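Hi,

Here is the structure I promised to send over. Have a look, and my notes follow below.

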Amino acid sequence: MKADLLLGLQWGDEGKGKIVDVLAPSYNIVARFQGGPNAGHTLEFDGHKHVLRSIPSGVFAKGAITNVIGNGVVLDPVLFRGEAEQLEADGVDLHSILKISKKAHLIMPTHRLLDAAGERAMGSGKIGTTGKGIGPTYTDKISRHGLRVGDTLRDDFKARYEAARDAHLRRLEGMRAEIDNEKLAETEKEWFDAIDYIRTFGLTDTEHYINKALNDEKSVLCEGAQGTMLDVDFGSYPFVTSSNTVAAGACTGLGIAPGRIGKVYGIFKAYCTRVGSGPFPTELFDETGATIRNIGHEYGAVTGRERRCGWLDLVALRYAVMINGATHLIMMKSDVLDGFDTIKVATAYRMPDGTVTSDFPYSVGDNAEGAGIAEPIYDELPGWKTDLSKARSEAELPEAFRNYVAYIEKQVGVPVAVISVGPDREETIIRNL
Ligand code: GDP
Ligand code: IMO
Ligand code: MG
């Protein structure tokens, strides 16, 4: 059996959580492969809303589905515990359905301090991170100083923790960060209690578990976090997250060989959003952007920050489809555009030097005032002016909307397999999976 992937094609928050929850009943295993609690994946059903950060979005699906936190994930024990206890309070028997990789890296309290100090030091050039210690934890992983979940089983774990913490404190001192030692000691206690809690899940060699499952013809859905334009290699560097959010990240983040990857579901909104700093060519600073934000409730699931909004960017979308080898597209939040007379879609960029490109360039420039940024060249399509949220089948979709979908399929060269018309599980139209 091959493993399928679902990942974001834009700047995150495309609706990955919702669709993983919708698709999960057809899989035996759902596995997160990268990122950490910088993610906020929202699921809605039966009038309730749940936000997941580190735990895969297959936990609510009916059936015996195992959820895996892979080696590519960075885990904050305290946030994980909060999330897990909330799920158990909601009636999810998490201990029987969740497996955690021994090779996942641990976010330490001082990683969060380093994240904050790093952002402060950059002033107006800051990344606008989620403040969850993601960058410093991946930095330690790559520089071979990290602590892994499996290390918690070692007798010298505490000493290793203290050595890592002291190295962080020396760095923080160099950054002139003020450390509240009493608060840090309290946080550490909570952190070690949460480590004991993590160990109640039993720790797993998840790469063996997943490969054996595939050998036994079990089906696996890999769940991405963030989005392609936030990928550390292919996103708008340095305004990116610190992991590989693209399809290749599922191979390294779970131990699945490239030949074992099956379908690649690339998910995108019918428009674009971005949180934090960094270039965003189709960003709208006018009333239209505010309207999209209000109707789409475009505020961060984790930080509550306003999301920047803009028209769909096909230059970036085609690039994302290429990098990921997306085989199926999933279009989200179509209903948010219901009221517009016309809808714009960027098909190419006019670069600051006057050249026109439809291939995503090395740099799109900068949104900052005075600096040049790629200027989108738009096509304008008729709006559908119909409430899509009531539609449950393709036949109920208005013609103007179907034309919008067909236009995107033609521009991108990949079929749209699923259309989402509202946040609820039920508000989903499956075309051809
Ligand atoms: P994720 O990080 O990719 O899982 O996405 P988020 O959960 O951060 O953001 C997506 C937001 O849009 C959530 O608030 C969802 O409840 C909501 N949502 C998902 N699909 C739709 C849709 O088709 N229409 C509308 N109006 N909202 C949606
Ligand atoms: P999901 O999985 C949207 C953004 C941050 C910031 C940059 C780096 O819900 O789609 P980090 O804390 O990762 O070092 O921040 O990445 N970012 C996200 N934006 N959705 C996310 O996750 C994000 N995770 C990180 O806003 O610009
Ligand atoms: Mg999100």
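A polar contact here is a pair of N or O atoms within 3.5 Å; within protein, one must be able to donate a hydrogen and the other to accept it, and residues adjacent in sequence count only if both atoms are side-chain atoms. By that rule, a backbone N or O atom of Gln-226 sits 2.8 Å from an oxygen atom of ligand 2. Taken alone, ligand 2 exposes 550 Å², and the protein buries 98% of that (Shrake-Rupley areas, 1.4 Å probe; for residues, only the protein chains shown count as cover).

Some housekeeping: this is a predicted model, where local features need pLDDT of at least 70, side-chain atom pairs count only at pLDDT 80 or more, and totals for chains, interfaces and linings use all residues. Residues are numbered from 1 along each chain as its sequence is written, chains are lettered from A and ligands numbered from 1 in the order written, and side-chain values use heavy atoms, with hydrogens and water left out.

Back to ligand 2: 21 residues surround it (a heavy atom within 4 Å), and the closest are Asp-13, Lys-16, His-41, Thr-130 and Thr-241. The side chain of Lys-16 puts an N or O atom 2.7 Å from a ligand 2 oxygen, and a backbone N or O atom of Asp-13 is also 2.7 Å from an oxygen of ligand 2.

Asp-13 turns up again at the magnesium ion (ligand 3), which is coordinated by Asp-13 (OD) and Gly-40 (O) at 2.1 to 2.2 Å. Donors are N, O and S atoms within 2.8 Å of the metal (3.2 Å for Na, K and Ca), and water is not among the atoms, so the site may look incomplete.

Cheers
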